[in-house]
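Work through the following exercises with the structure open beside you, and try each task before you read its solution.

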Amino acid sequence: DKGRHHPAKEMLKKAAENVILLKKLIKDYKSAEKTDFLKMILDQENISQNVELFLIKQDESMAIEVARRTPHQDTLIQAFGLWKKYNSPDLAYQVIYRNITPDNIFHEVAKHEVLLKNRQIQTRLASDPRTSAETLKKLSKMTFSKQILNRIARNSNIDRDTIGILIRHSQ
């Protein structure tokens with residue numbers, strides 16, 4: 001396959017692995033060109049963690065894409081830290097959706113009313129075994145969704161207080 005070693009493809013591959021090279025390449029690009037180039041970087045098979053950390057700081061859509069794809073737990077933690085900057089519950093959702101996200105992020109999500117009111121986030125928290133009993137209780141008090149209440153009831157971390165709240169909901 002001749003296209004496999006095309007110089008432009010090779011350059012993209014190298015830029016995805018080297019943040020210094022990537023910054024040099026996009027230095028003189030206009031906004032739209034830069035965005036297009038960074039999207040091509042996202043499509044590369046191997047992206048170094050330094051490049052990921054650079055990408056998440058570009059904008060919300062880049063942060064969401066990196067959060068969806070990264071194999072690095074630390075990149076997810078950093079991406080979650082940007083949800084407020086981007087005012088993006090969707091970014092927070094993408095982070096907690098991943099199996100490699102550490103438990104403490106779930107605890108952090110529960111501290112933010114705006115995130116807890118997000119339906120996708122409620123659904124994820126209600127079903128995920130990393131969600132604490134305390135968060136399940138908080139969630140059970142603020143939702144009337146049968147789907148979410150059923151998910152809370154099936155979560156292995158449910159405690160007696162939360163079961164009591166679920167019983168009162170059903171009456």
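**Exercise 1.** Decide whether Asp43 is buried or exposed in this predicted model.

*Solution.* Begin with the cut-off, which calls a residue exposed when its relative accessible area is over 50%. The relative accessibility of Asp43 is 57%, so Asp43 counts as exposed.

**Exercise 2.** Find which residue meets the side chain of Asp43 in a salt bridge at 3.5 Å, N to O, and state where the two partners lie.

*Solution.* First, the partner is Arg69, whose side chain meets that of Asp43 at 3.5 Å, N to O. Then consider accessibility, where Arg69 counts as partly exposed because its value is 42%.

**Exercise 3.** Determine which residue forms a salt bridge with Asp161, and how exposed Asp161 is.

*Solution.* The partner is Lys137, with the closest N and O atoms 2.8 Å apart. This pair also links distant parts of the chain, because Asp161 is in helix 13 (residues 160–170) and Lys137 in helix 11 (residues 133–142), 24 residues apart. Asp161 has 43% relative accessibility and therefore counts as partly exposed, and Lys137, at 24%, is partly exposed as well.

**Exercise 4.** State whether Ile148 is buried or exposed.

*Solution.* Ile148, found in helix 12 (residues 146–154), has 0% relative accessibility and so counts as buried.

How values were computed. Residues are numbered from 1 along each chain as its sequence is written. This is a predicted model: local features need pLDDT of at least 70, side-chain atom pairs count only at pLDDT 80 or more; totals for chains, interfaces and linings use all residues. Side-chain values use heavy atoms; hydrogens and water are left out. Helices (H or I, at least four residues) and strands (E, at least two) are DSSP runs, numbered from the N terminus. Buried means under 20% relative accessible area, exposed over 50%, partly exposed in between (1.4 Å probe, protein chains only). A salt bridge is a side-chain nitrogen of Lys or Arg within 4 Å of a carboxyl oxygen of Asp or Glu.
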